[in-house]
Amino acid sequence: TMENKRMYKYNPIEDCYATKKKIHIFRDEIEKRRLKKKYLSILDFGCGNIEDCGKYILNKKDRTPIIFIHGVGLDHSIWDPQINEFDNTVLIYDILGHGKTPLNKNDLSFDDFSGQILNLMDELKFNKVHLVGFSIGSLIARNFATRFNNRLASLTLLCSIFNRSDK
């Protein structure tokens, strides 16, 4: 009946905004709870210059750390399912220009990405790591291995490019 219904003028823009805002707040709260339960934290890491800092997620355990490097156009979250699956310390991070890590350089090389990993390892005091790279992450991992092989316990390359033609 009409008396049981409240008079409400539907405004799809306001309702949509309010719903999105609630969903956004809800997602933020879930993320905070998830991080408290599963991860040590999301932390900033230095790259020699505050503008070159990025974000990483670390699940610190006793065994040799595993660092996962994501592919182009992605961010660290593709590795979320891996963070608690190992008895090792697990580190996931955003490569330069992806996710929460800014890109403050026009001419970028694989040496820059390798330098980012090295700075991260030094800051966390990791002597050796297992390095896992996917797609462009595997190319970054290969570059790191050629430059800093003495810092690797192992190297795993997923969906890497090999003998690519010019075509």
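**Entry 1. Count**

I took a salt bridge to be a side-chain nitrogen of Lys or Arg within 4 Å of a carboxyl oxygen of Asp or Glu. The model is predicted, so I note that local features need pLDDT of at least 70, that side-chain atom pairs count only at pLDDT 80 or more, and that totals for chains, interfaces and linings use all residues. Residues are numbered from 1 along each chain as its sequence is written, and side-chain values use heavy atoms, with hydrogens and water left out.

**Entry 2. Asp87 and Arg63**

I found a salt bridge between Asp87 and Arg63, with the closest N and O atoms 3.7 Å apart. This pair links distant parts of the chain, 24 residues apart: Arg63 is in strand β3 (63–69), and Asp87 is in the loop between β3 and β4 (88–93). Helices (H or I, at least four residues) and strands (E, at least two) are DSSP runs, numbered from the N terminus. I recorded Asp87 as exposed, at 54% relative accessibility. Buried means under 20% relative accessible area, exposed over 50%, and partly exposed in between (1.4 Å probe, protein chains only).

**Entry 3. Arg147 and Asp111**

I then looked up Arg147, which forms a salt bridge with Asp111; their closest N and O atoms are 3.6 Å apart. Arg147 lies in helix α3 (residues 136–148) and Asp111 in helix α2 (residues 110–124), so the pair ties together parts 36 residues apart in sequence. Arg147 is partly exposed at 39% relative accessibility, and Asp111 is partly exposed at 38%.

**Entry 4. Lys105 and Asp112**

I noted a salt bridge between Lys105 and Asp112, with the closest N and O atoms 2.7 Å apart. Lys105 has a relative accessible area of 39% and is partly exposed.
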